[in-house]
Structure formats: C-alpha cells, structure tokens
Amino acid sequence: MRAILDVILLILNLYTWVIIASAIFSWLYAFNVVNPRNQVVSTIGRMLYQLTEPVLRPIRRFVPAFGGLDISPIIAILLIFLLQRIIVYYIYPAVF
C-alpha cells in the first residue's frame, strides 16, 4: 500500500511541475517570446493546456479575475501541496 502512496505522491509532484511549466509557457506566449506559428511550440502549448485545463477550469469558476492575472495555477499548486501533506502526515503512517 505504501508503494501506491509513493506513486501518488510522485504523480502529484510531477503534476506540480507541469502546472509551473504551463504558467511559464503562457507568459512566454503572451509576451511573444516564443513563435506561436512554430509546430513544436504549438504542440508543447497544446499539450500543456490539455494537461492542466481540467484542473484549472473548476478553480477559475470560483476565483474572481484579477485583471489580467490568473491565480488559478497558484491555488492548484497549494491544493496539491495540501493533498501531499495529508497523505504524508495522516495516511502514510497509518498504512502498514
């Protein structure tokens, strides 16, 4: 059972990095640092969007817009950290 919890923690950690990469990519795209017509850039952008949007969309419904600032990735990362701490401190020690 602990192996399953370790895999879940690893997936949550990797997903945190995917959210960070998506936020950085959106900034690079918004400020025209990357070429959106490039096939590789477009593929990376679509992949990051499809990986993060199912989690960020429900958060965006509840969080008000702060002008052009989207804080939903920050809230998602904080929720992931909370879930990781709950697993590490409460569930992991109770599993034999």
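Guide: Before we place any residue, one convention is needed: helices (H or I, at least four residues) and strands (E, at least two) are DSSP runs, numbered from the N terminus. By that convention Gln84 sits in helix α3, which spans residues 72–91. This is a predicted model, in which local features need pLDDT of at least 70 and side-chain atom pairs count only at pLDDT 80 or more, while totals for chains, interfaces and linings use all residues. Residues are numbered from 1 along each chain as its sequence is written, and side-chain values use heavy atoms, with hydrogens and water left out.

Visitor: Is Gln84 buried or exposed, and which residues does Gln84 touch?

Guide: Burial is read from relative accessible area (buried under 20%, exposed over 50%, partly exposed in between, with a 1.4 Å probe and protein chains only). Gln84 has 10% relative accessibility, so it counts as buried. Contact means heavy atoms within 4.5 Å, and, leaving out residues up to four places away in sequence, Gln84 touches Leu9, Leu12 and Asn13.

Visitor: How do I read the way α1 and α2 cross?

Guide: Axes are lines fitted to C-alpha atoms, for helices over the stretch in contact, and angles run from 0 to 180 degrees between N-to-C directions. Here the axes of α1 and α2 come within 9 Å and cross at roughly 125 degrees. Angles under 35 degrees count as roughly parallel, over 145 as roughly antiparallel, 65 to 115 as roughly perpendicular and the rest as oblique, and α1 and α2 are therefore oblique to each other. The contact draws on Tyr15, Val18, Ile19, Ala21, Ser22 and Phe25 from α1, and on Val41, Ile44, Gly45, Leu48, Leu51, Thr52 and Val55 from α2.

Visitor: What is the handedness of that crossing?

Guide: A crossing is left-handed if the near helix is turned anticlockwise from the far one by less than a right angle, and right-handed if clockwise; α1 passes α2 in a left-handed crossing.

Visitor: Within that contact, which residues does Thr52 touch?

Guide: Thr52 is in helix α2, residues 39–62, and counts as buried at 2% relative accessibility. Setting aside residues up to four places away in sequence, Thr52 touches Tyr15, Val18, Ile19 and Ser22. A polar atom of the Thr52 side chain also lies 2.8 Å from the backbone oxygen of Leu48.

Visitor: How many aromatic pairs does the structure contain?

Guide: A search of the whole structure finds one. The rings of Phe25 and Tyr29 have centres 6.4 Å apart and planes at 25 degrees, so this pair is stacked; the rule is that rings of Phe, Tyr and Trp (its six-membered ring) pair if their centres lie within 6.5 Å, with planes under 30 degrees apart counted as stacked, over 60 as edge-to-face and the rest as tilted. Phe25 is buried, with a relative accessible area of 17%, whereas Tyr29 counts as partly exposed at 44%.

Visitor: Where does Asn32 lie, and what is its phi?

Guide: Most residues other than glycine have a negative phi. Asn32, in the loop between α1 and α2, has a phi near 55 degrees, a positive value in a residue other than glycine. At 61% relative accessibility, Asn32 counts as exposed.

Visitor: How do α2 and α3 meet?

Guide: Their axes come within 9 Å and cross at roughly 110 degrees, so α2 and α3 are roughly perpendicular to each other, and the crossing is right-handed. Val55, Leu56, Ile59 and Arg60 in α2 meet Ser72, Pro73, Ile75, Ala76 and Leu79 in α3.

Visitor: Which side chains make polar contacts with that of Arg60?

Guide: A polar contact is a pair of N or O atoms within 3.5 Å; within protein, one must be able to donate a hydrogen and the other to accept it, and residues adjacent in sequence count only if both atoms are side-chain atoms. The side chain of Arg60 makes such contacts with the side chains of Asp70, at 3.1 Å, and of Ser72, at 3.4 Å. Arg60 counts as partly exposed at 32% relative accessibility, and its C-alpha is 10 Å from that of Ala76, 16 residues away in sequence.

Visitor: Which residues does Ile71 touch?

Guide: Ile71, in the loop between α2 and α3, touches Val63 and Phe66, not counting residues up to four places away in sequence. The C-alpha atoms of Ile71 and Ile59, 12 residues apart along the chain, are separated by 9.2 Å.
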